[in-house]
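Here are some notes for a colleague opening this structure for the first time. They go from single elements to the whole chain and then to the ligand.

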Amino acid sequence: MPTVADAFPEIVKTREPLAPYTHLKIGGPAEYFAQPRTVDELACLLKFCTASQSPVRMLGGGYNLLIRDDPVSGVVVRLHGPAFSFVETTPTGIRCGGGTPLFELLAHSVKAGLGGLETLVGLRGTVGGSVRCNVGDKNGEIGACVRRVVVLHDDGTEHARTRDQLTFGDHSSDLTEPVILSVEFDLHSESPAALLKRMRRAWVSRKSCEPLSFQSAVRMFRNPPGQDAGKLIDKAGLSRYRFGGAEVSERNPNYAIAHPGTTARDIMKLLDSVATHVKEFSGVELRRELNVW
Ligand SMILES: Cc1cc2nc3c(=O)[nH]c(=O)nc-3n(C[C@H](O)[C@H](O)[C@H](O)COP(=O)(O)OP(=O)(O)OC[C@H]3O[C@@H](n4cnc5c(N)ncnc54)[C@H](O)[C@@H]3O)c2cc1C
């Protein structure tokens, strides 16, 4: 059987470094890296991967991803270009592509006077990755506004899931299909000035919790029910705890800072060690928020 690179030479690269496509800028290459140009091309690619039993992984903006130092086996797919990145107004809100940057969705919603998503300001990533991870905070989560999601199955077929067929949890969803192709949001009319005001407040609140001075920092753990992961890490005395180039942020201990030269191994060791110490100190089991490939 031909490899995926033989079958799709125009859109597949071999051993493409993944670090530049992620927020942390660390990690190894993908065995195969695909950037389909159309939905049909993506569907054919999925079908081929299923038939050849090649694992498929979707890469969004890479803001919730740690790529290990070793090569990632199988096919990494990035949704890039107008077929996957678009925003349009609908009678009840907005529809956009799974590869659309979240900030483009927010900018469009404010300009169109459509409210509901503005508290997500300052979050980075694509719409697909953000809906899958149900991003947000105490002020609101993206899942609350989702009306309908179009997904692709392993066999390349398109299916729609409506609100009543979707479950969103704490930084999670039951969207386990290989691809989130597009998302429709239910939004309400509101004046752009009022939306901007709320956006500014949300921006200040979000940025006050992030380790601002460091370009490369990622959230490590989900908040356990009724508790704050950062406070648990702090109470265990782990603020500024360090493993190689990876360090627990002093400003928000639920963030790992990657200093220049940090490896994925450093971050994995930091995550494991922090979870072990918190378990010993407070008996709470922290669950990783960061996806690891
Ligand atoms: C500094 C910083 C601050 C953050 N603050 C917050 C916060 O306050 N609240 C919060 O909730 N999150 C926060 N995050 C997490 C992050 O912003 C989100 O999880 C992010 O939006 C994920 O989107 P992405 O496109 O980058 O996905 P990626 O990180 O690329 O992928 C995440 C997961 O989604 C899957 N995926 C991506 N695209 C698709 C697709 N089209 N179809 C199917 N699956 C897909 C990937 O395979 C992976 O499993 C923060 C991250 C950083 C770095």
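A residue is called buried here if 20 or more other C-beta atoms lie within 10 Å of its own, and exposed if 12 or fewer do. The model is a predicted one.

1. Helix 7, buried side. By that cut-off, A264, D266, I267, L270, L271, V274 and V278 are the buried residues of helix 7. Viewed down the helix axis, the buried residues fall within an arc of 155°, so they line one face of helix 7. What do the buried residues of helix 7 pack against? Their partners are strand 4 (65-66), helix 6 (229-235), strand 18 (242-243), strand 19 (246-248) and strand 20 (255-258).

2. Helix 7, other side and end. D272, T276 and E280 are exposed on the other side of the helix. Helix 7 is 19 residues long and spans 27 Å from first C-alpha to last, close to the 27 Å expected at 1.5 Å a residue. G283, just after the helix, has a positive phi of about 80°.

3. Helix 3. This helix runs over residues 102-111, and its buried residues are L102, L105, L106, S109 and V110. They cover an arc of only 125° around the axis, which puts them on the same side of helix 3. The elements covering these buried residues include strand 6 (87-90), strand 7 (93-97), strand 8 (114-115), helix 4 and helix 5 (192-207). After helix 3 comes G113, with a positive phi near 70°.

4. L290. The loop between helix 7 (264-282) and strand 21 (291-292) holds L290. Is L290 buried or partly exposed? It counts as partly exposed, because 18 C-beta neighbours lie inside 10 Å, and 20 or more would be needed for a buried residue. Setting aside residues up to four places away in sequence, L290 touches N64, L66, V218, R219 and M220. D154 lies 136 residues from L290 in sequence, and the two C-alpha atoms are 24 Å apart in space.

5. V218. One of the residues that L290 touches, V218, belongs to strand 17. V218 is buried, because 24 other C-beta atoms lie within 10 Å. Apart from neighbours within four places in sequence, V218 is in contact with H23, L24, Y255, A256 and L290. Between V218 and N254 there are 36 residues of sequence separation, while their C-alpha atoms are 8.3 Å apart.

6. The chain as a whole. The protein chain has 7 helices and 21 strands. Its radius of gyration is 20 Å, close to the 19 Å that the globule rule gives for 293 residues, so the chain is as compact as a globular protein of that length. Along the principal axes, the C-alpha atoms fill a box of roughly 50 × 50 × 30 Å. Of the 293 residues, 41% count as buried. Among contacts with a separation of 6 or more, 65% join residues 24 or more positions apart.

7. The ligand. How many residues surround the ligand? There are 32, and the closest are G60, G61, G125, G128 and G129. By type, the shell divides into 12 nonpolar, 14 polar and 6 charged residues. Which element gives the most to this shell? Helix 4 does, with 4 residues. The elements that each supply at least two residues of the shell are strand 3 (56-59), helix 4 (127-132), strand 9 (136-137), strand 15 (179-186) and strand 17 (217-219).

Technical notes. Residues are numbered from 1 along each chain as its sequence is written. This is a predicted model: local features need pLDDT of at least 70, side-chain atom pairs count only at pLDDT 80 or more; totals for chains, interfaces and linings use all residues. A residue is near a molecule or strand if its C-beta atom, placed from the backbone, lies within 6 Å of it. Ala, Val, Leu, Ile, Met, Phe, Trp, Tyr, Cys and Pro count as nonpolar, Asp, Glu, Lys and Arg as charged, and the others, Gly among them, as polar. Two residues are in contact if their C-beta atoms, placed from the backbone, lie within 7 Å. The radius of gyration is taken over C-alpha atoms; the globule rule is 2.2 Å times the number of residues to the power 0.38. The expected span of a helix is 1.5 Å times one less than its number of residues. The arc is that of the directions from the helix axis to the C-beta atoms.
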